[in-house]
Amino acid sequence: MLTVVVGLLGLAPRVAHAQYFGQNKIQYEMYQWRSITSDHFEVYFYAGSDSLAMRTLDLAEKTNAVFSKRLGHSLSHRIPIIVYASHNDFSQTNITPELIDGSTGGFTEVLRDRVVVPFS
């Protein structure tokens, strides 16, 4: 009787721990973050991507000017833009807890009013 009970306990459903394998985000580098600001945007970037950050800020301001004129709406506060120089760096971000795959081209966080993008 005891062997039957032990045998039935072995058949009871259990959580498979293997399903959590590979779910940790690995961060290979520590970045020294900097920022530049304009009237409507603040771009965060790390060393080595200075020119990319300047181009991003310029493009964001030009695009904002076009849309503000077309839509008759202006931004009430600065929008943060976080720039990564490569998709590999972007996939290590700790801004979001989700894993980022190779097809993700950036994301926005509505509740925090920010944009996160990789450039290659």
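Glu-61 is buried yet takes part in no salt bridge, and the nearest side chain of opposite charge, that of Arg-78, lies 7.1 Å away. The structure is a predicted model. Across the whole structure, a search finds two salt bridges, and the count of aromatic pairs comes to three. The largest nonpolar core has eleven residues.

- Glu-61 is found in helix H2, which spans residues 50-71.
- When neighbours within four places in sequence are left aside, Glu-61 is in contact with Ser-38, Asp-39, His-40 and Phe-41.
- A salt bridge requires a side-chain nitrogen of Lys or Arg within 4 Å of a carboxyl oxygen of Asp or Glu; the separation of Glu-61 from Arg-78 is 7.1 Å.

**Salt bridges**

- Side chains of opposite charge can pair when their charged atoms come close.
- Another salt bridge is formed by Asp-58 and Lys-62, whose closest N and O atoms are 3.2 Å apart.
- Asp-58 and Lys-62 are four residues apart in helix H2, so about one helical turn separates them.
- Asp-58 counts as partly exposed at 39% relative accessibility, whereas Lys-62 counts as exposed at 51%.

**Aromatic pairs**

- A pair of aromatic rings is described by the distance of the centres and the angle of the planes.
- The count of aromatic pairs is three; among them, Trp-33 and Tyr-46 have ring centres 5.4 Å apart and planes at 90°, so this pair is edge-to-face.
- Trp-33 belongs to strand S1 and Tyr-46 to strand S2 (residues 41-46), so the pair ties together parts that are 13 residues apart in sequence.
- Trp-33 is partly exposed, with a relative accessible area of 38%, while Tyr-46 counts as buried at 7% relative accessibility.
- The rings of Tyr-46 and Tyr-84 have centres 6.1 Å apart and planes at 55°, so this pair is tilted.
- The pair of Tyr-46 in strand S2 and Tyr-84 in strand S3 (residues 79-84) links distant parts of the chain, 38 residues apart.
- Both Tyr-46 and Tyr-84 are buried.
- Through ring pairs, Trp-33, Tyr-46 and Tyr-84 are linked into a cluster.

**Nonpolar cores**

- In soluble globular proteins, nonpolar side chains tend to be buried together.
- The largest nonpolar core comprises eleven residues, including Ile-36, Phe-41, Val-43, Leu-57, Ile-79 and Val-83.
- Strands S2 and S3 and helix H2 each supply at least two residues of this core.
- Helix H2 provides the largest share of the core, with four residues.
- Leu-57, a member of this core, is in contact with Ile-36, Thr-37, Ser-38, Phe-41 and Val-43 when neighbours within four places in sequence are left aside.
- Apart from this core lies another, of five residues, among them Tyr-46, Ile-82, Tyr-84 and Val-116.

How values were computed
Residues numbered from 1 in each chain as written. Predicted model: local features only at pLDDT ≥ 70, side-chain atom pairs only at ≥ 80, totals over all residues. Heavy atoms only, no water. Buried < 20%, exposed > 50% of the residue type's maximum accessible area, 1.4 Å probe, protein only. Lys, Arg positive; Asp, Glu negative; His and termini not counted. Contact = heavy atoms within 4.5 Å. Phe/Tyr/Trp six-rings, centres within 6.5 Å; stacked < 30°, edge-to-face > 60°. Core = buried A, V, L, I, M, F, W, Y, C linked by side-chain atoms within 4.5 Å.
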